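I kept to what can be looked up in the structure shown below.

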Amino acid sequence: MAVDFQTSKTRENLMRAFAGESQARNRYTIAAGAAKKQGLYSIQQVFLFTADQERAHAERFYDLLKNLSGTTIVISGGYPVDHFDSVPELLEKAKHNEMEEADDVYQAFGNAAKEEGFLEAASTFFQIAEIEAIHGRRFGKLAEMLKQDKYFECENGGQWMCMNCGHIQSGKMVPQVCPVCRYERGYFIPVEIAPYLGFDFVKKTN
């Protein structure tokens, strides 16, 4: 039996998702400020990069509510307060939230939309869940590297990219300043996490 969108669970879930993504965008923007204060400029950029993708998710969910323009959707829900000074803790909480969305929240929302016959909404929930899992794994990797003091060092040798000028630094440790642009080491990011760059584009060291 067809479900009226105006009385559906999917309508409420889309608004919950819109609210959640909007809040995530703001949380990551605030977290980026904390990373900047601690000189972790590359992690600041990761937070901002992810925040902009959360904006895109919010916009997509909001688009699916377009036919209800002019109405008000009342929802209830819980949203995290992750206001910490510790950047590793901010990253770990972000990982938890992203994986919760990926594994639980958006799966449940997608299943409900599918049952109600709103297949476009269901597909959107499932697709964005996959993206949130990528966000979660990335945040988790960054937190792990920082906590183990492996973000700027690699005992067996590694490669980092300066996010200011693009210089690739090879060795066991990032220098205090980039040898090309002279920006401080906080602008370096491990190559495997650097945006727009994969190992196939980097000359390997012997």
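This is a predicted model: local features need pLDDT of at least 70, side-chain atom pairs count only at pLDDT 80 or more; totals for chains, interfaces and linings use all residues.

**Entry 1, Gln127.** I looked up Gln127 and found a relative accessibility of 48%, so Gln127 counts as partly exposed. On the scale I used, buried means under 20% relative accessible area, exposed means over 50%, and partly exposed lies in between, with a 1.4 Å probe and protein chains only. Gln127 sits in helix H4. I then checked Gln127 against Tyr106: the two are 21 residues apart in sequence, and their C-alpha atoms are 9.1 Å apart in space.

Residues are numbered from 1 along each chain as its sequence is written, and side-chain values use heavy atoms, with hydrogens and water left out.

**Entry 3, the whole chain.** I counted four helices and three strands in the protein. Helices (H or I, at least four residues) and strands (E, at least two) are DSSP runs, numbered from the N terminus. Read from the N terminus, the order is α-α-α-α-β-β-β. The C-alpha trace spans about 65 × 35 × 25 Å along its principal axes. The protein has 206 residues, and 43% of them count as buried.

Of the contacts in the protein with a separation of 6 or more, 65% are between residues 24 or more positions apart. Contact here means heavy atoms within 4.5 Å.

In what order do the three strands lie in the open sheet? I read the order as S2-S1-S3, with antiparallel pairing. Strand S2 (168-173) and strand S3 (188-190) are at the edges and have a single partner strand each, so one side of each has no neighbour in the sheet. The twist from one strand to the next averages 40 degrees. Axes are lines fitted to C-alpha atoms, for helices over the stretch in contact, and angles run from 0 to 180 degrees between N-to-C directions. Two strands pair if DSSP finds at least two bridges between them.

Strand S1 (residues 153-162) is joined to S2 by five bridges. I found Gln159 opposite Ser170 in S2, and Glu153 opposite Met173 in S2. S1 and S2 form a hairpin with five residues between them, and Gly166 in the turn has a positive phi of about 95 degrees. S1 is joined to S3 by three bridges, again antiparallel. In this pairing Met161 stands opposite Ile189 in S3.

Is Cys178 buried or exposed? Cys178 has 0% relative accessibility and therefore counts as buried. I located Cys178 in the loop between S2 and S3. Leaving aside neighbours within four places in sequence, Cys178 is in contact with Cys162, Cys165, His167, Tyr183 and Phe188. I also checked Cys178 against Phe118, 60 residues away along the chain, and their C-alpha atoms are separated by 52 Å.

Asp149 is not a glycine, yet its phi is positive, near 55 degrees. Asp149 lies in the loop between helix H4 (119-147) and S1, and at 61% relative accessibility Asp149 counts as exposed. Arg182 is not a glycine either and has a positive phi of about 70 degrees. I found Arg182 in the loop between S2 and S3, where Arg182 counts as exposed at 55% relative accessibility.
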